[in-house]
Amino acid sequence: VRRLVTTMIAVSLPVAVYGMLQRYKIDPIPWGGDVSVRIASTMGNSIFVAAYLIMVFPLTLGRAFEGFRRMLKSETFEIKDFLLATAYVFIGLLQVIALYFSGSRGPALGWLASLFFFALCLVYITKRRTFGVVIIITSILALIFLVVFNLPQSPFESLKQHPSIGRFGQLLDPQSNNARVRTYIWQGAVKLYLP
């Protein structure tokens, strides 16, 4: 299992780096669309690359936490533990940057949910309940913000024009392009299975 996790984390490094190449228009492969706006990396689709990265990120974060925890508990400084923990932090940062460059809303929300559950696991391991209360209150406030942000005529209407978070203001909009495409797919699936 440890080797499998290590392999998944190691594979995420070239995925994230290739996404950076696309973002900064250094990609040697000509793509049909503009992959500098929303990277597709080695997956060919921005949602696929983001979905992969959000699955690997908690594993990377866990390894970094494990490395730093081992360093803090050890009586002697081990350069190997320091280098491994630092490498995992670096890979995790690249994963987050590539996730951001993908511009995918669904995986970004999944990433936030994974951070929530990861933090709860840390609370359980470290036995710091006040930290858990802070995490739960912060998560509730973030959820309330997201719901209010999606309401028509919300007080955050000006933020909907912002390129990085504006798309999160269309999650509940049934007339958005994404909602209409999904409706057509679901209608087609129903027609396919009804006979």
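This is a predicted model: local features need pLDDT of at least 70, side-chain atom pairs count only at pLDDT 80 or more; totals for chains, interfaces and linings use all residues.
Student: Then let me try a pair. At roughly what angle do the axes of helix 4 and helix 5 cross?

Tutor: The general idea first. Two packed helices are described by the angle between their axes and by the distance between those axes. Here, helix 4 and helix 5 (residues 129–150) cross at roughly 165 degrees, and their axes come within 9 Å. Helix 4 and helix 5 are therefore roughly antiparallel. Their crossing is left-handed.

Student: Let me step back to the whole chain. How many helices and how many strands are there?

Tutor: The protein chain has six helices and zero strands. Along the sequence the pattern reads α-α-α-α-α-α. The C-alpha atoms fill a box of roughly 65 × 45 × 45 Å along the principal axes.

Student: Now helix 2 and helix 3. At what angle do they cross?

Tutor: Roughly 155 degrees, for helix 2 (residues 46–73) against helix 3 (residues 79–102), with axes that come within 8 Å. That makes helix 2 roughly antiparallel to helix 3. The contact residues of this pair divide into 17 nonpolar, seven polar and three charged. The crossing of helix 2 and helix 3 is left-handed.

Student: And helix 2 with helix 4: is the crossing left-handed or right-handed?

Tutor: Right-handed. Helix 4 covers residues 105–126, and helix 2 packs on it at an angle of about 20 degrees. The two axes lie 9 Å apart. Helix 2 and helix 4 are therefore roughly parallel to each other.

Student: Which helix gives the largest share of the patch?

Tutor: Helix 3, with six residues. Phe 77, also in the patch, sits in the loop between helix 2 and helix 3.

Student: Last, charges. How many salt bridges does a search of the whole structure find?

Tutor: Four. For a pair to count, a side-chain nitrogen of Lys or Arg must be within 4 Å of a carboxyl oxygen of Asp or Glu. One case joins Glu 66 and Arg 2, whose closest N and O atoms are 3.2 Å apart.

Student: Where in the chain do Glu 66 and Arg 2 lie?

Tutor: Glu 66 is in helix 2, and Arg 2 is in helix 1 (residues 2–23). The two are 64 residues apart, and the pair links distant parts of the chain.

How values were computed:
Residues are numbered from 1 along each chain as its sequence is written. Side-chain values use heavy atoms; hydrogens and water are left out. Axes are lines fitted to C-alpha atoms, for helices over the stretch in contact, and angles run from 0 to 180 degrees between N-to-C directions. Helices (H or I, at least four residues) and strands (E, at least two) are DSSP runs, numbered from the N terminus. Angles under 35 degrees count as roughly parallel, over 145 as roughly antiparallel, 65 to 115 as roughly perpendicular and the rest as oblique. A crossing is left-handed if the near helix is turned anticlockwise from the far one by less than a right angle, and right-handed if clockwise. Ala, Val, Leu, Ile, Met, Phe, Trp, Tyr, Cys and Pro count as nonpolar, Asp, Glu, Lys and Arg as charged, and the others, Gly among them, as polar. Patches are made of residues with over 30% relative accessible area and no salt bridge: like charges are joined within 9 Å, nonpolar side chains (Val, Leu, Ile, Met, Phe, Trp, Tyr) within 5 Å. Accessible areas come from the Shrake-Rupley method with a 1.4 Å probe; for residues, only the protein chains shown count as cover.
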